[in-house]
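Me: I have a structure open and have not looked at it before. Can we go through it piece by piece?
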Amino acid sequence: MKRIITLIASAVFCTVAGAQTIAGVNVEKFKFDRSDDYMVVEMIMDISKVDVKSTGAVVITPRIVGANDSIELKSVGIYGRRRYFSNLRNGINGVTGKEEMSYRDSDNPGKITYNSFVPYEEWMNGAVLKLHRSDCGCCNTVLSQEDNNIALYEKAAPYIPVLVYAVPVAEKVKSRTLEGSAFVDFVVDKTDIRPEYRNNVVELAKIRATIDSVRNDKDVTITNIWLKGYASPESPYAHNTDLAKGRTKAVKDYVQGYYKFAPEIFSTDYEPENWAGLRAFVEKSDLEHRAEILDIIDSDMKPDPKEWKIKSTYKEEYQYLLKTCYPALRRTDYRVAYTISEYSDPKDILSIFNTRPQNLSLNEFYILSQMYEPGSREFLEVFETAVRMYPNDEVANLNAANAAISIGNLAAAEKYLAKAGNSAQAVYARGIYAFHRGEFEQACKYLQQAKDMGVAEAAEVLNAVSGLKK
């Protein structure tokens, strides 16, 4: 157990030679410390200069005094000749009536070895050891008293390794994208959009909702809207090419007309037959001829013969695919690209954090974190929000892991560390995580690796771990 002993009276340290005069008594080789379940006081007292009258007494009593509690240890009593023999005749155990080291003045031994111990109690953390002197006349009349502080006992705070947060690189341009798929239905062989047809109200609303989520933000500039249309393979490839092109253009015209965007903001693509989507569906299915159909899909056959072979060879399964899979293959993928204003003033960043945290870069989250005391609720909230905005980013996960470790949430730290990558800081964080779990062997492996990778803080923690392992 580690502890701190603060000497109050003068420069006397725990269990060292040297002397200080306290209440007329020279104290040497002083110790005030906890040992397992006991508080121990040891010292050499030089009482040779204590002057006592024949009927008087001087009583030296060490006391442990806390904020609300105190306890007296055994006393040292020096008695004048008449007082000493009077006590013997009357069976009196000194002035205190308690355990005492008693000496007749004429038999004063000079230096005495004093030791005493009492059961340790929590109130003793932060307690002061005092040396109390009482000078008494006959009939125990107190002539004078003196109280002197010797030392303060404080348990050392548990060793807490330094956490190393990663500073995210500032983005030159804060570019973002939102994407999705809409299953817009068209009348057979038609390419014009009918917004009320089948489920088109819902599917077109998907695209608008994505655009609206950023269009109304004054700090956002939409830079591109990309659309890609797919057709299913049940018609001739050339015809499907025309359908995919036409239907993609129809969705673009719908969005452009709805928002009045400039034409140059759009880019389009198309895929005449969505064989990748068909393959993914078949692979996950339990079709009887699943393997054979996959072989046909993966073959080097051209699209039309490929589709005809599935249709003619596995008629029932083809009809099943036509009804359950093909409608989902006719879709429009969309992606909205945009840029976000940069923020450098912590007050501006805080305002955005409270309203639109998705607009902040990781570097801006880090700038905001510096406003708060590490380990505070606000500090933790910044990094927890950052990792929600960037769930797969290694730096976001590393900093979130450090924040979780700082409050003892090791379960959350473990989850974040799994996605924190293998940078020097991440390796160091795994060492700190192992340290807090008491897995010192594992901690040393990570910390040594981090030290070799250039993390200066790892050396100090390695030394601390070595001490704890002893």
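Me: What length does helix α2 reach from its first C-alpha to its last?
Reply: This is a predicted model. In it, helix α2 covers residues 200-215, 16 residues in total, and reaches 22 Å from its first C-alpha to its last. That is close to the 22 Å expected at 1.5 Å a residue.

Me: Which residues in α2 are buried?
Reply: The buried ones are N200, E203, L204, I207, T210, I211 and V214.

Me: Why would residues three or four places apart point the same way?
Reply: An α-helix has 3.6 residues a turn, so residues at that spacing point the same way.

Me: And what do the buried residues of α2 pack against?
Reply: They pack against two kinds of element. The strands are β12 (174-182), β13 (220-230) and β15 (332-340), and the helix is α3 (237-259).

Me: Zooming out, how many helices and strands are there in the protein?
Reply: The protein has 16 helices and 15 strands.

Me: Is it spread out or compact?
Reply: The protein is more spread out than a compact globule, because its radius of gyration is 41 Å, well over the 23 Å that the globule rule gives for 470 residues.

Me: What box do the C-alpha atoms fill?
Reply: Taken along the principal axes, the box is roughly 130 × 50 × 40 Å.

Me: How much of the protein is buried?
Reply: Buried residues are 45% of the 470. The accessible surface comes to about 24800 Å², and carbon and sulfur atoms account for 49% of that surface.

Me: What about contacts between residues at least 6 apart in sequence?
Reply: Of those contacts, 65% join residues at least 24 apart.

Me: Now single residues. Where is D298?
Reply: D298 is in helix α5, residues 290-298. D298 is partly exposed, with a relative accessible area of 41%.

Me: Which helix holds A459?
Reply: A459 lies in α16, residues 457-469. A459 is partly exposed, and its relative accessible area is 27%.

Me: What separates the C-alpha atoms of A459 and L131?
Reply: The separation is 42 Å, for residues 328 apart along the chain.

Definitions and conventions: Residues are numbered from 1 along each chain as its sequence is written. This is a predicted model: local features need pLDDT of at least 70, side-chain atom pairs count only at pLDDT 80 or more; totals for chains, interfaces and linings use all residues. Side-chain values use heavy atoms; hydrogens and water are left out. Helices (H or I, at least four residues) and strands (E, at least two) are DSSP runs, numbered from the N terminus. The expected span of a helix is 1.5 Å times one less than its number of residues. Buried means under 20% relative accessible area, exposed over 50%, partly exposed in between (1.4 Å probe, protein chains only). Contact means heavy atoms within 4.5 Å. The radius of gyration is taken over C-alpha atoms; the globule rule is 2.2 Å times the number of residues to the power 0.38. Accessible areas come from the Shrake-Rupley method with a 1.4 Å probe; for residues, only the protein chains shown count as cover.
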